[in-house]
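I opened the notebook to go through one model. Entries follow in the order I looked things up.

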Amino acid sequence: MSKLKIIKAFLKKLINIIILFMFLVVLQPEILNQYPTKLLGNFTDFDRRGKKPMRNAFILILSLSLNSCGSGSKSGSVEGSTETGSCSAPIDVPTVPAAAGQFAFTLPDTIDSCSVGGYVVGYEGVLRVEQTTEGSFVINNIPAGQLDIIITGNGSDASLSLDKKEKDRGIRVKKSKILNGVKTDGGKIDLPKVGVITGRALLNEQTDHAGIDVYIPGTDYIAKTDSGGRFAFSAVPVGTHNLYFEKDGYHRGQVEEIDVTESSETKLDDITLVISTGAEGLIVIENGAAIANSRTVSIVVGATEDAVLMKYSESNTFEGASWKPVKSSMQYTFDSQGEKKLYVKFANANGLESSPYSDTVTIDIFSDGTTLFSPSYSVASVVPPNSTFTLSAIALPTNATAMMVSTSSTFSGASWEAIAAQKQISVPANYSSCGSKTFYVKFKDKDGFESPIESKSAELNCWQSVSRSGAPSARERHSAVWTGSQMIIWGGTTTTSDDLGDGGIYSPSAGTWSLISASGSPTPRWQHKAIWTGNKMIIWGGYNSSTGSLNTGSIYDPENGSWTSISTTNAPSARNRHGMVWTGSKMIVFGGCASENSPFGDGGIYDPSLDTWSSLSMTNGPSARTEPAVVWTGTEMIVWGGMDGSYVRKFDAYAYNPTTNQWRTLTSSPSTENRQYYSYVWDGANLQIWGGITSAWQNTGSVFNFSSNSWASASINLSWKPAYQTIVSTGTALIFWGGTEDTKGVNNDGYILNEF
């Protein structure tokens, strides 16, 4: 095409634009009112939505002319939003601008991506939703503030087509915090089915109520009433909306905070517009920003030409406010933080007053419109008996005067305190506190403005697992001793009743095992007992499937891995399921059996320094029994419970003093612990019994206090139900290992219960 033709085509297009512009401005002003834009410039010629359409008329006409097919144009239909989606090529994810923000989100697969549309409320003609090549959706170049966003679309199974502008899904996302240079991630948004708003708007003392403009401000949801005043929006996004009612010559009416729910009709009460005979106007705080960083804000006021006076107040009753000459701009200082509303009304020369107009702003110094301060810190898990957590490396905002720390998301019971880079917070030192703990931190400044809340979690590790890497094979009815730093496991039997003569040494501090070879060890056995002398382990008695019960024993030295047999001269008769303790210099054996129905009521005392046995006096001692719980208190050997030859459980208790070689009877304990095959341990003050079987497998523990002669339930239960396992006490923890469980049989699992 020649240059001359190009110029002629351009001039022809320009003439058409000018003609269309004049037609709309002079003859059809109501058409322009369908295209509201953001408030800019002076405030002397406002349409019904508080906006000035004339300023962008040329841009609008140009847009209409260049898009002669009319796609995407606005409509005043009562059918609701005319926002349309399209299957135009997705865009690359845009870079977040430095002087504006970005809002991004995704939608579930049940939404037809071609139908998705939306915009920032108040910027419906400018800031619109676009689909990206990554399958997400984005609105870019959003000014900083707390803004609402409309998102609409159709379900993938919807009967609506792209040619029909009404959408069957939609939501109004309230107060999205937009920051300059920051991408606000809206996450995955589930678009609910739209709702309906219906009602009537009436003209005072009139019979024909047609032509009242009804609209949701800042959106393209516009309707007009019929002669009966009826109106309907049939496809309104779920959320909270305001509704304005306007007609020339009448005061504007409005209904605020209308809740629209999914697939439901919201029917409003009738609203009546009264004739306006006074001035009108509006108020804008901080140029329409949702967040202000100071209690002192800028105010812009717009009023009709007949307004001569105005008054403003934070109260809609204007109590204490006085009339002042109309000013187009000023500053106002709020006395506190939070969401604020300022009202203004006008009067003309005849004293006729307008309805109140208002605008809102949130005073929040922790968001400066550029960066969003968020507390950051570290917190590490702790192990009982410690129940105090340390929050460290707390990031401190320069304008903070106090901080609050709590384990409650509502900060229940917490109080403001001096800021610090480190804070300790304790939870109750009991087993009910076990598990994950979440901590919450926030700050405030001198004006009482609060920062966002940051939460982090850490564990109160009451339970820890014993590593199975390098552990001995699965077994039950084995022995275990605590050396002061390590646990030694030896012997036992398997599911197939194999006799085991090996073991292992576990270091809790390192979390590692080292194995004890069966080579050079004593006769493999199970249902034996073991004690720790302070530097060596002594095992004695037990059962071997080939030879029966044993009265042999051996001393194991973990320093060199050697075994030394002990004398059997004058030793007690062969037995298993007996009790055995170390007094500090000697080993005492009591009870047990060689066969199920023939328990022993005697024992012996072994002196490893002399490798000799001596008899154990049984005068006034306990009756014969097998499987008694036998522990050393530091001065006496306590014998509790057991089972006689008729398999009847015992619940009596005795104490033996090796210094006097005498027994004494303890008060009989109640028969509340009628269980067998349990494990037991002395914790330094009490006898603890865990697991075992009554009429069913047990995961509970019980504690018997000899001084008070009373049982108490353990304050924590096991997560498994064991029998024939071993327990050792480290002084601060109990280590459970091996045994058999009701659900998985013989095992080599281990658990550490850190005690309070």
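Which residues do ring pairs link into a cluster? I found Trp 640, Phe 651, Tyr 678, Tyr 680, Trp 682, Phe 704, Phe 706 and Trp 711.

**Ground rules.** The model is predicted, so I took local features only at pLDDT of at least 70 and side-chain atom pairs only at pLDDT 80 or more, while totals for chains, interfaces and linings use all residues. Numbering starts from 1 along each chain as its sequence is written, and side-chain values use heavy atoms, with hydrogens and water left out.

**Aromatic pairs.** I searched the whole structure and got 33 aromatic pairs. Rings of Phe, Tyr and Trp (its six-membered ring) pair if their centres lie within 6.5 Å; planes under 30 degrees apart are stacked, over 60 edge-to-face, the rest tilted. I looked up Trp 540 and Trp 613, a tilted pair with 5.5 Å centre to centre and 55 degrees between the planes. Trp 540 is in strand β36 (residues 537–540) and Trp 613 in strand β44 (residues 612–615), so this pair ties together parts 73 residues apart in sequence. Strands here are DSSP runs (E, at least two residues), numbered from the N terminus.

My classes are buried under 20% relative accessible area, exposed over 50%, and partly exposed in between (1.4 Å probe, protein chains only).

I then took Phe 704 and Phe 706, both in the cluster above. Their pair is edge-to-face, with 4.7 Å centre to centre and 85 degrees between the planes. Phe 704 is buried, with a relative accessible area of 1%.

**Charges over rings.** I counted a charge over a ring if NZ of Lys or CZ of Arg is within 6 Å of the ring centre and within 35 degrees of the ring normal. The charged end of Lys 442 sits over Phe 411, 4.4 Å from the ring centre. Arg 575 lies over the face of Phe 600, at 4.2 Å from the centre.

Most residues other than glycine have a negative phi, and most peptide bonds are trans. I noted a cis peptide bond between Pro 384 and Pro 385, with omega about 10 degrees. Pro 385 is in the loop between β24 (378–379) and β25 (388–392).

Ala 393 has a positive phi, near 50 degrees. Ala 393 lies in the loop between β25 and β26 (402–406), and is exposed at 56% relative accessible area. Asp 611 also has a positive phi, about 55 degrees. Its loop runs between β43 (603–607) and β44. Asp 611 is partly exposed, at 32%.

**A sheet of 3 strands.** I traced an open antiparallel sheet in the order β53-β56-β57. Two strands pair if DSSP finds at least two bridges between them. Which strands stand at the edges? They are β53 (722–723) and β57 (745–746), each with a single partner strand, so one side of each has no neighbour in the sheet. β53 pairs with β56 (residues 740–741) over 2 bridges, in the antiparallel sense. Ala 723 stands opposite Thr 740 in β56.

**Last entry.** I looked up Leu 309, in strand β19 (residues 307–313). Leu 309 is partly exposed, with a relative accessible area of 32%.

Key: Helices (H or I, at least four residues) and strands (E, at least two) are DSSP runs, numbered from the N terminus.
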